[in-house]
Amino acid sequence: MRDGSTPSVRKPPGVFFYRLGLVKISFQMAMWMCGIFAVVALGGAFTAFSGLAGIADAAERDAAVGYAWFWTFLGVVAIVFGVLSWMITRGKFGKLD
């Protein structure tokens with residue numbers, strides 16, 4: 001596999017400076033990572049929503065509302081993927097190989 005440091009070996013198209021093997025994350029690890037990210041994202045959303053009362057400028061308030069809803073969306077997506085990972089670990093979608 002060829003990259004910038006070893007030009008004699010050819011890599012598949014679209015792969016550049018890639019030397020690591022495949023990264024495999026278990027469903028249980030994915031569940032915990034989703035949970036941690038959801039807590040951080042929803043914490044950021046809560047901080048943004050709770051700070052709206054102190055913003056006097058309407059344009060800044062609108063930007064803060066957009067920021068808060070964006071982090072709320074990310075938190076909800078993390079929760080959904082965390083729940084799916086949990087369901088997979090419990091065998092709700094069939095037996096794991």
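Buried means under 20% relative accessible area, exposed over 50%, and partly exposed anything in between (1.4 Å probe, protein chains only). This is a predicted model: local features need pLDDT of at least 70, side-chain atom pairs count only at pLDDT 80 or more, and totals for chains, interfaces and linings use all residues. Residues are numbered from 1 along each chain as its sequence is written, and side-chain values use heavy atoms, leaving out hydrogens and water.

**View 1**
Helices (H or I, at least four residues) and strands (E, at least two) are DSSP runs, numbered from the N terminus. Of the 97 residues in the chain, 18% count as buried. The chain exposes about 7,500 Å², with 71% of that supplied by carbon and sulfur atoms; the areas come from the Shrake-Rupley method with a 1.4 Å probe, and for residues only the protein chains shown count as cover. Take the contacts (heavy atoms within 4.5 Å) with a separation of 6 or more: residues 24 or more positions apart account for 42% of them.

**View 2. Helix 1, residues 27-50, packs its buried residues against helix 2.**
Helix 1 has 24 residues, and its end C-alpha atoms sit 34 Å apart, which agrees with the 34 Å it should span at 1.5 Å a residue. That expected span is 1.5 Å times one less than the number of residues. The buried residues here are M31, C34, A38, A41, G44, A45 and A48. What do they pack against? Helix 2.

**View 3. Helix 2, residues 58-89, seen from end to end.**
With 32 residues, helix 2 reaches 46 Å from its first C-alpha to its last, close to the 46 Å expected. Its buried residues are A64, A68, T72, G75, A78, G82 and S85. Helix 1 is included in what covers them. After helix 2 comes G91, whose phi is positive, near 80°.

**View 4. T72, a buried threonine in helix 2.**
T72 has a relative accessible area of 16%, so it counts as buried. Leaving out residues up to four places away in sequence, T72 touches L42, A45 and F49. A45 is itself one of the buried residues of helix 1. Where does the T72 side chain reach? To the backbone oxygen of A68, at 2.8 Å. A polar contact of this kind is a pair of N or O atoms within 3.5 Å; within protein, one must be able to donate a hydrogen and the other to accept it, and residues adjacent in sequence count only if both atoms are side-chain atoms.

**View 5. S50 in helix 1, shown with T47 and A68.**
S50 is partly exposed because its relative accessibility is 46%. Its side chain reaches the backbone oxygen of T47 at 3.0 Å. S50 and A68 are 18 residues apart in sequence, and their C-alpha atoms are 9.5 Å apart in space. A68 is among the buried residues of helix 2.

**View 6. A cluster of rings: F37, Y67, F70 and W71.**
Rings of Phe, Tyr and Trp (its six-membered ring) pair if their centres lie within 6.5 Å; planes under 30 degrees apart are stacked, over 60 edge-to-face, and the rest tilted. By this rule there are four aromatic pairs. One of them is Y67 with W71, edge-to-face at 6.4 Å centre to centre, with 65° between the planes. Y67 and W71 both lie in helix 2, four residues apart, about one turn of the helix. F70 and W71 have ring centres 5.6 Å apart and planes at 75°, so this pair is edge-to-face too.

**View 7. S85, a buried serine in helix 2.**
S85 counts as buried because its relative accessibility is 8%. Which residues does S85 touch, not counting residues up to four places away in sequence? They are F27, A30 and M31. M31 is another residue buried in helix 1.

**View 8. R90, in the segment after helix 2.**
R90 has a relative accessible area of 56%, so it counts as exposed. R90 and F27 are 63 residues apart along the chain, while their C-alpha atoms are separated by 9.9 Å.
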